[in-house]
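Open your viewer and get the selection tool ready. We will take a short walk, one selection at a time.

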Amino acid sequence: MRLSSKVLLCLLLLVKLWYTGTTADEDIQPPPKGSCANWMGGIPGHPGHNGVPGRDGKDGRDGPKGEKGEPGDPGLKGDNGNDGAEGVHGLPGISGMKGEKGDAAFIYRSAFSVGLTGRTPYSNVPIKFTKIFYNEQNHYDETTGKFRCIIPGMYYFGYHLTVYLADVKVSLYKKDKAVLFTYDQFQRNNVDQASGSVLLHLEAGEEVWLQVYGEKENNGVYADNINDSTFMGFLLYPDMDPH
């Protein structure tokens, strides 16, 4: 028993000494550099070499779209380009649809064509042509034998007269003045023709007609079922309104 107690006492003493020594060592701080006369600093080392560059990393994801920048200043005008070669002509296109009918332009009309139904009974008076071929505008008056101008302008007048049994002297009158004369001498046992034509400018209201002039022996104007004597006229073009 005594031996065991001694051994246990020795062990407890050793443990205490060890615990006390450890705590004392931890509290001891190393002396600062230079505080000891025998302290010597080491030589600084050389800088190390640069390391080898690393490999490029992977591309990152696209960032968000930035805001629209301000427009730049206009650039200088470029030089004119050279004329290019003419291209190949294309095929004709399809015809378009027919357009709507437009308003008809106003057309000036004035015309007549008349004939005799027998011999003229009197001289020095208008010949009354009562056989009407055309007189749609009624500008010719068969009761007087005169054409009356309604539309001012340039007119054409003509006549073709059958001559039989006597000589013929006729004149075309405008506004009580003879402007054209025709004479045909009758040949016995024959039928002849006398004709004439003229261009006249007429003002509104002026009249044009035919009449035999001279004595009765000069009144050989004739017409029957197979021989006509005719008088006609029409507007070539109207006077244009200056306004």
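Is Asn138 buried or exposed? Select it and see: Asn138 is exposed, with a relative accessible area of 59% (buried means under 20% relative accessible area, exposed over 50%, partly exposed in between, with a 1.4 Å probe and protein chains only). This residue is found in the loop between β2 (131–134) and β3 (140–141), where helices (H or I, at least four residues) and strands (E, at least two) are DSSP runs numbered from the N terminus. Asn138 has a positive phi of about 60 degrees although it is not a glycine. Most residues other than glycine have a negative phi.

Before moving on, a word on what you are looking at. This is a predicted model, in which local features need pLDDT of at least 70 and side-chain atom pairs count only at pLDDT 80 or more, while totals for chains, interfaces and linings use all residues. Residues are numbered from 1 along each chain as its sequence is written, and side-chain values use heavy atoms, with hydrogens and water left out.

Next, colour by pLDDT, the predictor's confidence in each residue from 0 to 100. The chain's mean is 82, and 83% of its residues reach 70 or more. Now select residues 22–26: pLDDT stays under 50 there, and the model has 0 contacts beyond four places in sequence for them (contact means heavy atoms within 4.5 Å). Where pLDDT is low, the predicted coordinates should not be read in detail.

Centre on Phe231: leaving aside neighbours within four places in sequence, its contacts include Phe112, Phe157, Leu172 and Trp209.

One last stop: select Lys175, in the loop between β5 and β6 (177–184). Its phi is near 50 degrees, a positive value in a residue other than glycine. Lys175 is exposed, with a relative accessible area of 56%.
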